[in-house]
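Me: I would like to learn how to read a helix and an interface in a model like this one, step by step. Could you take me through it slowly?

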Amino acid sequence: MSDAKKTIQDTVEQNRVVLFMKGTKNFPQCGFSQRAVAILKECKAEFKDVNVLSDPAIRQGVKDYSSWPTIPQVYIDGKFVGGSDILNEMYQSGELQKLLNPAS
Amino acid sequence: MTRQQSIQEKLTLALHPSHLDVENESRMHNVPAGSETHFKVVVVSDVFEGLGLVDRHRRVNAALADELKAGLHALTIRALTPAQWTAEGAPGFESPPCLGGSKS
C-alpha cells in the first residue's frame, strides 16, 4: 500500500467525519469545498478537514482511493459518501442529517 | 470540436439522456477567458433508475473520464430519473462562487 493510501485510510478510520478539500475549514480555497464545509457546519457535525492543496500525493491519492475524480470528498464512518453535489442533495433531503446523527 | 460539444456527445452516447443540459461555467472562475474547465451538467436518464447518488455520479464521471484527465477541472452534476425530472426538475441547482483555488 502506498504511503498516501495508508494515510488516507488511517484518517478516514480514525475520524468519524472527514472532508478532503481545497483549503481548510477556516479558509476554503474553492467554492465547492466551501459549500461542503458550510453544509457540515450547518449539520453541527464535528469533522476533520484535510487540505489536499498542501500535499500532491494526497490530492491524487484520494481520487484513486474511492475512484472519484474530484475534490471535495466526504467520508462518514470510514465510507465514501460523495462530493459537494451529493452532500448538498443529501442535506436538502434530510438524509445527511440522519447519517450524521443516527440517534436523533 | 469544443469540450462542450464533446461532453454533450459522450454523455449522449453513454447514458441516452431524455434531457441534457451542459453549461460551461468557466467564466465564473479564475481561468483565462474562453476556457472550458468548469462545467455543470443536468442529465436525465432512465439508466439512473434504482441507482444511488454515488453510482449515478460515477456513471457520469466514467463517461467523461478522458475529459477529466485532459483539463476538465470541475464538474457539477445533477443526475435524475425521468420521473424525478418530471416531478421536480432541478430546482436550486446553482454552483457556488469561485474562491480562486483553480490555479493552486
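Me: Which residues of H2(A) are buried?

Reply: A residue is called buried when its relative accessible area is under 20%, exposed when it is over 50%, and partly exposed in between (1.4 Å probe, protein chains only). In H2(A), the buried residues are A:Gly31, A:Phe32, A:Ser33, A:Arg35, A:Ala36, A:Val37, A:Ile39 and A:Leu40. This is a predicted model, in which local features need pLDDT of at least 70 and side-chain atom pairs count only at pLDDT 80 or more, while totals for chains, interfaces and linings use all residues. Residues are numbered from 1 along each chain as its sequence is written, chains are lettered from A and ligands numbered from 1 in the order in which they are written, and side-chain values use heavy atoms, with hydrogens and water left out.

Me: What covers the buried residues of H2(A)?

Reply: Helices (H or I, at least four residues) and strands (E, at least two) are DSSP runs, numbered from the N terminus. The cover of H2(A) includes strand S1 (17-21), H4 and helix H5 (95-100) of chain A, together with strand S3 (74-80) of chain B.

Me: How many residues of H4(A) are buried?

Reply: Seven of the ten residues in H4(A) are buried, so that this helix is mostly covered. A:Asp85 and A:Glu89 are among them. The buried residues of H4(A) pack against elements of both chains, including H2 of chain A and helix H2 (53-63) of chain B.

Me: How is the area between chain A and chain B read?

Reply: The size of an interface is often given as the accessible area lost when the parts come together. Buried area here is that loss (1.4 Å probe), summed over both parts. Between chain A and chain B it is about 1800 Å², of which carbon and sulfur atoms give 59%. A:Phe32, A:Asp85 and A:Glu89 supply 30% of the area that chain A buries against chain B, more than any other three residues. The contact (heavy atoms within 4.5 Å) takes 22 residues from chain A and 22 residues from chain B.

Me: Which side chains meet in a salt bridge?

Reply: The rule asks for a side-chain nitrogen of Lys or Arg within 4 Å of a carboxyl oxygen of Asp or Glu. Across this interface it finds one salt bridge, and A:Glu89 and B:Arg78 form it with their side chains (3.4 Å, N to O).

Key. Buried area = accessible area lost by both parts, 1.4 Å probe.
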